[in-house]
Amino acid sequence: MVRYEIVQLLKESSPGYVSGGELGRRFGISRTAIWKYIEELRQEGYSIEASSRKGYRLISSQDRLNPYEITNDLGTKVVGREAEYFESIDSTNNYAKKLAAAGCTDGMTVAAGRQTDGRGRLGRNWESPVDKGVYVSVVLRPPLAPAETQILTLAAAVASVRAISEAAGIQAGIKWPNDLVIGGKKLCGILLEMSSEADRVNHVILGIGINYSQDGEDFPHELRDKAISLKMAAAGLKPGERDRISRLSLLRCLLKELDKVYQLVLGDRREEILDLWRAHSVTIGREVRFVIKDIVYTGKADDITADGKLSVSCSDGVRRELLSGEVSVRGICGYM
Ligand code: BTN
């Protein structure tokens, strides 16, 4: 789109100016048409200074999310090569599912500023207030059998931890299988949905929600002692470090890290993913509790197995392997 090509040129020339005439020549359009594009960009949140003698200069692109800012120069092999962005949508997973069914490319990304019907695991909803979170879904088409997709669940958690560390300088831990927590409170959730035949996956929708700038009171009552945002977690950082956390760079880091772990999955390098998961786990070695058919079990989480199950030495002396469902980890998200 021409207007983003204009942004690109202004970025390359920043902090210098580019004249309206020069822009017009580059794109083969009139100065008036350039001025209209500049106005559109300003409406989108780009701060562009205009000087009648020198031309246009990009002051800042704020923290705008749009397909251009998300995908431009991302350098990934698959994830985020193409993206769509919505200011408001019911659920990025729902929309990604439609794109996948219509045949979109591997790695197609859908992000939103707000979700009116954000969905979480186990049929829960995911609070998605305006511009306070990262809400993103990625369509993947891995050559896996349905039973092998657990590795993607774990890989997505690893990618999210690494992206948050890189973009925000904040270290989160992974609660099995893929919740990210800080100080015992949930920062990020991952919802993996799949369409498959008996022996092969058609597509997977990887939906990731990161609490970005909520304050404690922004969370619903029942979540207040269980949820945390990056802004809250960053309160302990120095002002300079705190201020550099941008939602756009966080999202871009996330797509890059997802791409890296996806390459590990495609290269059948599962052990590396499992080792990375173990390194960030706050589950292994801890006391856990889970319910199967109304019976409550407790025990110690020993490890994850090669196929991504959580192996638990239960207090009744039996070792059990869990593939999904809810596991409470002592000290995390309200299990004390
Ligand atoms: C969880 O329950 O922990 C998973 C939460 C997943 C939320 C994300 S936000 C983007 C994507 N769209 C959705 O509707 N859900 C996922």
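The protein chain contains ten helices and 14 strands (DSSP runs numbered from the N terminus: H or I of at least four residues for helices, E of at least two for strands). Its radius of gyration, taken over C-alpha atoms, is 22 Å, close to the 20 Å that the globule rule gives for 336 residues, so the chain is as compact as a globular protein of that length; the rule is 2.2 Å times the number of residues to the power 0.38. The model is predicted: local features need pLDDT of at least 70 and side-chain atom pairs count only at pLDDT 80 or more, while totals for chains, interfaces and linings use all residues. Residues are numbered from 1 along each chain as its sequence is written, and side-chain values use heavy atoms, without hydrogens and water.

The C-alpha trace spans about 80 × 45 × 35 Å along its principal axes. Of the 336 residues, 49% count as buried (under 20% relative accessible area, with a 1.4 Å probe and protein chains only). Among contacts (heavy atoms within 4.5 Å) with a separation of 6 or more, 61% join residues 24 or more positions apart.

E193 lies in strand β8, which covers residues 185–196. This residue is buried, with a relative accessible area of 16%. The E193 side chain makes polar contacts of 2.8 Å with the side chain of N93 and of 2.8 Å with that of R119 (a pair of N or O atoms within 3.5 Å; within protein, one must be able to donate a hydrogen and the other to accept it, and residues adjacent in sequence count only if both atoms are side-chain atoms). Leaving aside residues up to four places away in sequence, E193 touches N93, K97, R119, H203, V204 and I205.

Notes
Buried means under 20% relative accessible area, exposed over 50%, partly exposed in between (1.4 Å probe, protein chains only).
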